[in-house]
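Thanks for coming. I will go through one protein chain, starting with the whole and ending with single residues. Please look at the sequence and the structure as I put them up.

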Amino acid sequence: MSVSLVYLDAATAAPLHPVARQALLAALEDGWADPGKLYTQARRARQLLDAARAATAETLGVRPDELSFTASGTAAAHAAVLGGLAGRRRVGRTLVHSAIEHSAVLHAAERHVADGGAAASVPVDRLGGLDPQAWAAAVGAPGVALAALIAASHEVGTLQPVAQAAAACADAGVPLYVDAAQAVGRVPVPAGWSVLTASAHKWGGPAGVGVLVVRKGTRWESPYPADEREAGRTPGALNLPAVVAAAASLRAVAAEAAAETARLAPLVDLIRARVAAEVPDVEVVGDPQSRLPHLVTFSCLYVDGEALLHALDRRGFAVSSGSSCTSSTLRPSHVLEAMGVLSHGNVRISLHRETSTADLERFLAELPGIVAELRAEAGVVGL
């Protein structure tokens with residue numbers, strides 16, 4: 001008998017929103033030409049691009065000329081970090097970032113350090129929240145060019161104190177870059193930032209579209225060779241049909257966000273309560289209150305994360321295990337290590353508009369037995 005599949009990894013990629021699918025198909029008809037040219041098809045493509053930019057900017061509450069599309073959320077993050085540092089290299093060469101940034105930001109930081117710059121990591125508490133005092137001290141140090149703070153943890157869902165961090169940056173005269181990939185389309189992003197990025201496939205748009213916003217007045221310089229596209233902020237031709245679909249779906253999910261939060265947050269509460277009560281030796285991690293509405297992470301003692309992922313997959317459940325940004329290697333998560341919580345046997349559940357209560361009831365019914373079987377296979381019994 002075939003097992004029905006339950007997809008619970010929306011934090012990696014949400015299922016394509018119906019509006020995105022409709023917009024993508026429609027844009028394939030008119031969005032194939034180069035929007036930088038002057039003939040009729042190109043002018044139509046330009047109209048589509050301008051409309052997509054305006055709609056995305058309106059949803060994010062920014063000016064259209066502050067927003068550029070990129071080839072991915074990762075490309076946007078790299079450009080945000082390296083461009084922000086390049087624009088302020090006369091001020092200093094230090095990047096301040098939280099210990100739980102996405103790997104895209106940390107890899108850009110590594111490149112900056114390899115090129116002679118410096119990076120300072122600010123710790124978080126056991127719930128995954130930024131240490132505000134340590135942050136203020138770090139951004140107030142001499143020679144800081146840029147600060148980077150994720151809006152909400154992509155691994156445990158904890159919302160970060162962006163407004164407080166932004167105030168500390170403003171006091172120090174340091175621009176703040178916010179990685180809002182998990183927040184955009186789900187929760188409001190506090191003001192005060194200078195640079196922001198997001199990724200369309202996190203909100204139900206197509207893969208291959210990132211968003212880079214650089215506020216007017218921010219010193220930012222492209223880290224790439226000169227290119228006339230997207231105000232010089234991102235090189236190469238855009239996948240215009242995907243951009244149109246991303247803009248349409250963002251508007252749709254933003255309109256649905258309040259209702260989806262009201263629906264999904266209680267389901268996350270249910271998972272947090274049932275897993276803690278029904279699976280022995282488990283740690284539910286992340287802030288139970290100040291969190292994203294759709295994401296929950298827990299770690300099971302005496303269980304190998306890879307084995308747990310495969311066992312759940314065989315039962316028809318698609319989840320993340322190990323570090324969500326390096327899941328192909330299943331190395332211990334740098335986020336969980338920074339929090340000081342259990343990192344083995346880790347499962348991240350992230351919900352979406354198609355997730356049902358029945359899906360989660362089935363998951364919660366099967367999880368304790370799966371964990372018990374894996375522990376028995378490993379010789380761990382009597383828990």
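Among contacts in the protein chain between residues at least 6 apart in sequence, what percentage join residues at least 24 apart? The figure is 72%. Contact here means heavy atoms within 4.5 Å.

Before I go on, two remarks on where the values come from. This is a predicted model, in which local features need pLDDT of at least 70 and side-chain atom pairs count only at pLDDT 80 or more, while totals for chains, interfaces and linings use all residues. Residues are numbered from 1 along each chain as its sequence is written, and side-chain values use heavy atoms, with hydrogens and water left out.

Now the overall build. The protein chain has 11 helices and 13 strands; these are DSSP runs numbered from the N terminus, with helices (H or I) of at least four residues and strands (E) of at least two. Its radius of gyration is 21 Å, close to the 21 Å given by the globule rule for 383 residues, so the chain is as compact as a globular protein of that length. That radius is taken over C-alpha atoms, and the rule is 2.2 Å times the number of residues to the power 0.38. Along its principal axes, the C-alpha trace spans about 70 × 55 × 35 Å.

Of the 383 residues, 52% count as buried. Buried means under 20% relative accessible area, exposed means over 50%, and partly exposed is in between, using a 1.4 Å probe and protein chains only. The protein chain exposes about 16000 Å², and carbon and sulfur atoms supply 55% of that. The areas come from the Shrake-Rupley method with a 1.4 Å probe, and for residues only the protein chains shown count as cover.

What is in the middle? In soluble globular proteins, nonpolar side chains tend to be buried together. A nonpolar core, as I use the term, is a set of buried Ala, Val, Leu, Ile, Met, Phe, Trp, Tyr and Cys residues joined through side-chain atoms within 4.5 Å. The largest one here has 55 residues, and those with the most contacts inside it are Phe69, Val96, Trp135, Ala147, Leu176 and Trp203. Helix H8, residues 240–278, gives the largest share of this core, 9 residues. Apart from it lies another core, of 28 residues, including Leu264, Val282, Val303 and Ile370. Back to Trp203: not counting residues up to four places away in sequence, Trp203 touches Ala14, Val184, Ala198, Val211, Ala246, Ser249, Leu250 and Val253.

Now some loops. Is Gln182 buried or exposed? Gln182 counts as buried, at 6% relative accessibility, and its loop runs between strand E6 (176–179) and strand E7 (195–199). Gln182 and Ser199 are 17 residues apart in sequence, and their C-alpha atoms are 8.3 Å apart in space. Beyond four places in sequence, Gln182 touches Ala11, Ala152, His154, Lys202, Leu292 and His294.

Thr158 sits in the loop between strand E5 (144–150) and helix H6 (162–172). Thr158 is buried too, at 2% relative accessibility. Leaving aside neighbours within four places, its contacts include Leu127, Gly128, Ala152 and Gly286.

That brings us to Gly286, in the loop between strand E9 (282–285) and E10. Gly286 has a relative accessible area of 4% and is buried. Val284 lies in strand E9 and is partly exposed, at 22%. Among the residues that Val284 touches, again beyond four places in sequence, are Arg272, Val275 and Phe298.

Last, two backbone angles. Glu230 is buried, with a relative accessible area of 9%. Tyr302, also not a glycine, has a positive phi of about 70°. Tyr302 lies in the loop between strand E10 (295–300) and helix H9 (305–314) and counts as partly exposed, at 42% relative accessibility.

That is the end of my part.
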